Amino acid sequence: MAISFATPNKREIEKKYEVQRLSYEDVLSAIELRVKEAVEACGVHPVIKFRVKTFSSYFSKLVRLMERAAIEKREEAYPINDVLAMRVICPFLEDLKAVERVLNTCFKVREIERKGADRPFSEFGYDSIHVLIEIPAEIKERYPLLDVEICEVQIRTILQEAWAEVEHELVYKARF
């Protein structure tokens, strides 16, 4: 028996999302500062970009994940782990390992996914390290009503970032 799927109330979810938005931005800024200080202390000087997922993107993903859960007969939808997201863009490949070590040292890491790692070095394509870190307790304490626990950190080189941007425009957005 399939689990039924009902489209969530968009207005209600948007109200809750907007209440959280300022907290999301503050939390992400605090995490960015911690990452920047720790990475630069180990001699890497990356460009760090960060963003809070827009509501429209959040809602679209929520609906997709709820549909997927219904198809897979799951009781709950998969969580959205990229409401808070950051990219650490490094000049060189060896910097990626240093940044990953720093994240493992400074944060509780829930998951590391090496996208594109299954391709041979000679094959060009999307390549990125995605690290899910927990929001540190001392940051969460300042926001007792915060409804997210994870921040996604993507670690890439400058060239990997350039390709990811091109691919996003050519492939991902073309689907919509």
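These legends describe close-up views of charged side chains in a predicted model.

**View 1. D82 sits in a loop and is buried.** D82 belongs to the loop between α2 (55-71) and β2 (84-90). Its relative accessible area is 10%. The cut-off for buried is under 20%, so D82 counts as buried. Leaving aside residues up to four places away in sequence, D82 touches R51, K53, K61 and E152. Two of these neighbours, R51 and K53, return in the next views.

**View 2. D82 meets K53 in a polar contact.** The side chains of D82 and K53 are joined here. The polar contact spans 3.0 Å. K53 is also one of the residues that D82 touches.

**View 3. R51 and D82 form a salt bridge.** Side chains of opposite charge can pair when their charged atoms come close. Here the side chains of R51 and D82 meet, with 3.6 Å from N to O. R51 lies in strand β1 (residues 47-52), while D82 lies in the loop between α2 and β2, so the pair ties together parts that are 31 residues apart in sequence.

View 4. A salt bridge links K16 with E12, and their closest N and O atoms are 3.8 Å apart. K16 is exposed, because its relative accessible area is 54% and the cut-off for exposed is over 50%. E12 has 44% relative accessibility, so it counts as partly exposed.

**View 5. R156 and E161 form a buried salt bridge.** The closest N and O atoms of R156 and E161 are 2.5 Å apart. R156 is buried. E161 is buried too.

**View 6. The R156 and E161 pair belongs to a network.** Which residues are linked in this network of salt bridges? They are K49, R87, R156 and E161. For the whole structure, the count of salt bridges is 15. Among them are the pairs shown above: K16 with E12, R51 with D82, and R156 with E161.

Note on methods
Residues are numbered from 1 along each chain as its sequence is written. This is a predicted model: local features need pLDDT of at least 70, side-chain atom pairs count only at pLDDT 80 or more; totals for chains, interfaces and linings use all residues. Side-chain values use heavy atoms; hydrogens and water are left out. Helices (H or I, at least four residues) and strands (E, at least two) are DSSP runs, numbered from the N terminus. Buried means under 20% relative accessible area, exposed over 50%, partly exposed in between (1.4 Å probe, protein chains only). A polar contact is a pair of N or O atoms within 3.5 Å; within protein, one must be able to donate a hydrogen and the other to accept it, and residues adjacent in sequence count only if both atoms are side-chain atoms. Contact means heavy atoms within 4.5 Å. A salt bridge is a side-chain nitrogen of Lys or Arg within 4 Å of a carboxyl oxygen of Asp or Glu.
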